[in-house]
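Below are my notes on backbone geometry and salt bridges, as numbered points. Please read them with the model open.

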Amino acid sequence: MVHDKRANGDLAMLLFALSYATGLGFGGHIEHGLGSASLGLLLADRLTLADEEREAIFYGALLKDVACTACSAGIAAFFPDEEQVSLADVILLDPSQLSDMIGWLSRYLRLDAHFPGRVAKFLSFIVQCGPIVKETMRSHCEVAELFARQLGFPDYVQRTLRFQWERWDGKGMAYGLKGPAIPRTARILHLAQVLDLTYRFGGPAATCVLAQEKRGVRFDPEAVDAFLALTQQEAFWNTLEEQSTQEALLARRPSTVADQALEDQSERMCEVLADFIDLKTRETWHHSRTVAEVAVGIGTRLGLEPNKLTRLRCAALVHDVGKVAVPVAILAKGEQRSSSEWETYRLHPYYTQRILERVDALRELAQAAAAHHEWINGQGYHRQLCGEQIPLYGRILAVANTYARLVQQRGEQQDLAEALRKMHSLVGRQFDRACYDALVASVKGAGSLGRIPRRSRKVGNLTEREAEVLCLLAQGRNTPQIAQRLDISKKTVEHHVAHIYDKLGVTCRTAAVVYAVQQGLV
């Protein structure tokens with residue numbers, strides 16, 4: 001059962017943007033998620049699966065890599081600062097084979113000035129390999145599950161995402177489920193994403209060979225047999241390509257209750273994209289939502305109508321989504337970046353534009369969202385626009401983005417007046433005067449120089465003490481530090497953490513941190 005093609009607020013269409021972003025985030029093929037969804041539906045049809053199973057496979061394929069930002073810091077610690085880990089490496093690698101792991105890592109050991117540092121990271125990874133891979137895989141799956149939960153997808157979609165990397169032989173390093181114990185939808189999603197990527201990098205022959213070699217080992221034999229039967233059909237590979245387009249997938253998309261929560265999902269999806277990108281570094285938690293709050297304040301002072309304020313808010317929420325393509329180590333360096341690192345960093349507005357322009361529902365936001373680093377005097381980036389060549393929303397975002405960054409850098413010691421003073425000297429060069437004046441009016445009009453409001457805090461089914469522990473855990477505190485801060489024993493902290501994980505339905509720290517950010521606890 002599928003919906004007829006509807007308005008621009010369609011959830012599947014909006015999830016294409018998230019899928020494109022995750023493709024860039026893993027340095028892989030930007031359309032990998034759509035290809036996985038298409039192949040997954042073909043397999044589901046061949047196996048005559050129920051509507052719920054088709055739903056889980058389709059939406060699972062679009063959401064499966066949403067953790068690429070939240071998990072990036074953990075794995076990046078073992079790679080060169082300028083490297084973006086490839087999706088092909090992550091999906092096609094067999095982490096149960098140490099020789100595969102060593103071969104994979106050795107590809108990053110280039111002979112240059114940073115070679116000694118790379119060797120040290122390489123050896124560190126080998127020593128800690130098992131626990132790191134397990135934690136990374138669980139984080140990847142559980143964060144995707146949390147995003148699916150946030151979007152209102154049912155439990156069977158969430159379970160598909162959690163177990164997407166399990167192996168038929170039980171040697172998956174995330175949870176170790178084996179054979180039929182793995183949800184069938186997760187088995188098919190795993191096969192679809194691996195084979196889609198193999199096809200993109202190796203072609204039809206290599207894809208069939210891999211499926212045959214891993215049948216009954218990595219992959220469900222029944223699913224592999226269904227795939228091999230499909231490949232015997234005339235022009236199968238052309239059909240796969242044709243059915244992997246946005247238009248074809250929208251026509252085939254399964255029904256889902258998540259698509260019925262709101263008539264127009266655009267603003268809600270922009271909020272998800274904001275959370276997705278802001279999770280990449282701790283310093284940027286809630287940044288995009290903060291920029292949106294400031295931008296709406298400016299727009300209100302400029303007399304924008306309510307529908308235009310909504311568009312402005314959406315552009316603000318997604319303005320940084322292109323940072324998904326920038327290695328996390330470069331993002332974390334801030335003003336200490338080298339000249340080559342700055343060149344990489346300055347491409348993020350281009351990637352924002354590239355992602356948004358591919359999706360009809362978000363295309364009208366692309367020009368403004370990508371203009372948040374343009375300067376009035378033409379010395380900004382990435383297009384070096386000047387004056388009124390910069391869209392009004394882009395000029396507003398340039399002011400809102402800088403103001404939010406300056407204020408957030410001070411943490412709890414926000415000095416809003418100082419932020420305004422720093423920006424005032426750049427009016428007419430970097431910032432549009434009318435937009436800056438509207439910012440000042442908005443800040444002063446809010447009283448007490450208008451402190452930026454925090455995201456609403458939702459404790460859920462946690463006790464207040466558990467919420468305190470989770471908050472400290474998300475801030476990077478270890479068990480002894482949490483115990484000392486709250487004046488309780490380490491054993492009590494461990495007891496609280498176990499209860500928190502159980503209530504949240506997670507097993508790893510990264511997923512717990514993502515939940516804390518989503519609920520405004522940090």
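**Notes on the model**

1. D275 and R289 are both buried, where buried means under 20% relative accessible area, exposed over 50%, and partly exposed in between (1.4 Å probe, protein chains only). Their side chains form a salt bridge, with N to O at 3.0 Å; the term stands for a side-chain nitrogen of Lys or Arg within 4 Å of a carboxyl oxygen of Asp or Glu. D275 belongs to helix α13 and R289 to helix α14, so this pair ties together parts 14 residues apart in sequence. Helices (H or I, at least four residues) and strands (E, at least two) are DSSP runs, numbered from the N terminus.

2. On the basis of the numbers: this is a predicted model, in which local features need pLDDT of at least 70 and side-chain atom pairs count only at pLDDT 80 or more, while totals for chains, interfaces and linings use all residues. Residues are numbered from 1 along each chain as its sequence is written, and side-chain values use heavy atoms, with hydrogens and water left out.

3. How many salt bridges are there by this rule? The count comes to 23. One of them joins the side chains of R187 and D220 at 2.8 Å, N to O. R187 sits in helix α9 (residues 184-213) and D220 in the loop between α9 and α10 (221-231), so the contact ties together parts that are 33 residues apart in sequence. R187 and D220 are buried.

4. Helix α9 also holds the pair D196 and R200, which are four residues apart and therefore separated by about one helical turn. They form a salt bridge whose closest N and O atoms are 2.8 Å apart. D196 is buried at 3% relative accessibility, whereas R200 is partly exposed at 26%.

5. H286, not a glycine, has a positive phi of about 70 degrees. H286 lies in the loop between α13 (266-278) and α14 (287-301) and is buried, with a relative accessible area of 14%.

6. The loop between α19 (366-369) and α20 (392-409) contains H382. The peptide bond joining Y381 and H382 is cis, with omega about 15 degrees. Q384 is found in the loop between α19 and α20 as well. Its phi is positive, near 55 degrees, in a residue other than glycine. Is Q384 buried or exposed? Q384 is exposed, with a relative accessible area of 54%.
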